[in-house]
Amino acid sequence: MERLWDAEDGFFKVAPRVENPTDSLTLQNVREQHGYTPWYANDAVIPPPEYTIAWKQLTDPEGFYAPFGPTTTEQRHPGFKIEYANHECQWNGPSWPYSTSITLTGLANLICRDAQADRETEELKDAFRRTLACYVNSHQRVREDGKVVPWIDENLNPYNGDWISRTRLIEWNWRASKGGYERGKDYNHSTFCDLIVNSLIGLRPSLENGFTLYPLVERDMPYFCLDRLPYHGKSVTIFYDSTGERYQRGKGLRVLVDGKEVYHADALPEKPVWVELN
């Protein structure tokens, strides 16, 4: 991991492939969104705190920030490009749901680790929510009749939300034997549901008889509810009500397992908490 860290630019970068792993590596001169992948690993082995500076690029308009999802390369680099030419699947600029989901999962891992260690997380939480909101905005397309419908596909234009691959394949009259022009419409490895359940609502699964709970919602969120989630053969409901008026069960954060309350707190937790199923 250290061999891929560019201390001058504060980012993990890709190095050219070499035959001998002991040979010196020359890092590429561009920050790529792939550089956030190390945080996707298990919480115990994600990069230590001194590498957290890399996340400043996620919300920087000259870095990866764009209204419909983070770009695959930093926008300040002269090689950055959004084009409707050549291959339909390019990684030199367009936003990819697959890459976005890896980035957001990695950021949620970092936030939970830092919160557990009593390190400041508010700036990181804001970056998570801003990027997730951009990702939400991308889940649509405008049909030929002008109607906006829910949609997920391959790569998209990070500035206007157009699905580049789909547009290109339509132009080419892409044949059905190769998936047709809507080959990317079931882009399930974007893991959007996991980001909502495990990260935003904060149910982090475990092999043990329970789970870690740490919602990443805004502190002034009036209410939210995740209802009847199947988990370890049980039905889990997590809901928060800032006033107690929305769900008529009293204010605060509550967890129900098979309809029985197993956890309650008057406010959202400041750090991850463990919730037993029974």
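On a 1 Å grid over the protein atoms alone, a pocket is an open set of points with protein on both sides within 12 Å along at least five of seven lines, while a cavity is a set where a 1.4 Å probe fits but cannot get out; lining residues have an atom within 4 Å of a point. Points are joined across faces, edges and corners, and a volume is the space filled by probe spheres set on them. The largest pocket here has a volume of about 570 Å³.

The model is predicted: local features need pLDDT of at least 70 and side-chain atom pairs count only at pLDDT 80 or more, but totals for chains, interfaces and linings use all residues. Residues are numbered from 1 along each chain as its sequence is written, and side-chain values use heavy atoms, with hydrogens and water left out.

**Largest pocket**
- The volume of the largest pocket is about 570 Å³, and of its 25 lining residues Asp43, Asn109, Asn198, Arg204 and Pro205 are the closest to the centre.
- Helices (DSSP runs of H or I, at least four residues) are numbered from the N terminus; H1 (97-116) and H4 (192-200) each supply at least two lining residues.
- H1 provides the largest share of this lining, nine residues.
- The lining holds 10 nonpolar, 11 polar and four charged residues, where Ala, Val, Leu, Ile, Met, Phe, Trp, Tyr, Cys and Pro count as nonpolar, Asp, Glu, Lys and Arg as charged, and the others, Gly among them, as polar.

**Second largest pocket**
- This pocket has a volume of about 250 Å³.
- Its lining comprises 14 residues, with Thr52, Trp55, Lys56, Glu123 and Leu124 nearest the centre.
- Helix H2 (residues 122-138) gives the most to that lining, five residues.
- Seven of the lining residues are charged, five nonpolar and two polar.

**Cavity**
- There is one cavity of 30 Å³ or more, and the largest cavity contains about 40 Å³ of space.
- Leu58, Phe64, Tyr65, Ala66, Gly69, Pro70, Thr131 and Cys134 line the largest cavity; six are nonpolar, two polar and none charged.

**Packing of H1 and H2**
- The axes (lines fitted to C-alpha atoms over the stretch in contact, with angles from 0 to 180 degrees between N-to-C directions) come within 10 Å and cross at roughly 160°.
- H1 and H2 are therefore roughly antiparallel, a label for angles over 145 degrees.
- Residues in contact (heavy atoms within 4.5 Å) include Leu104 and Leu107 of H1 and Phe128 and Leu132 of H2.
- The contact residues divide into 11 nonpolar, three polar and two charged.

Key: Angles under 35 degrees count as roughly parallel, over 145 as roughly antiparallel, 65 to 115 as roughly perpendicular and the rest as oblique.
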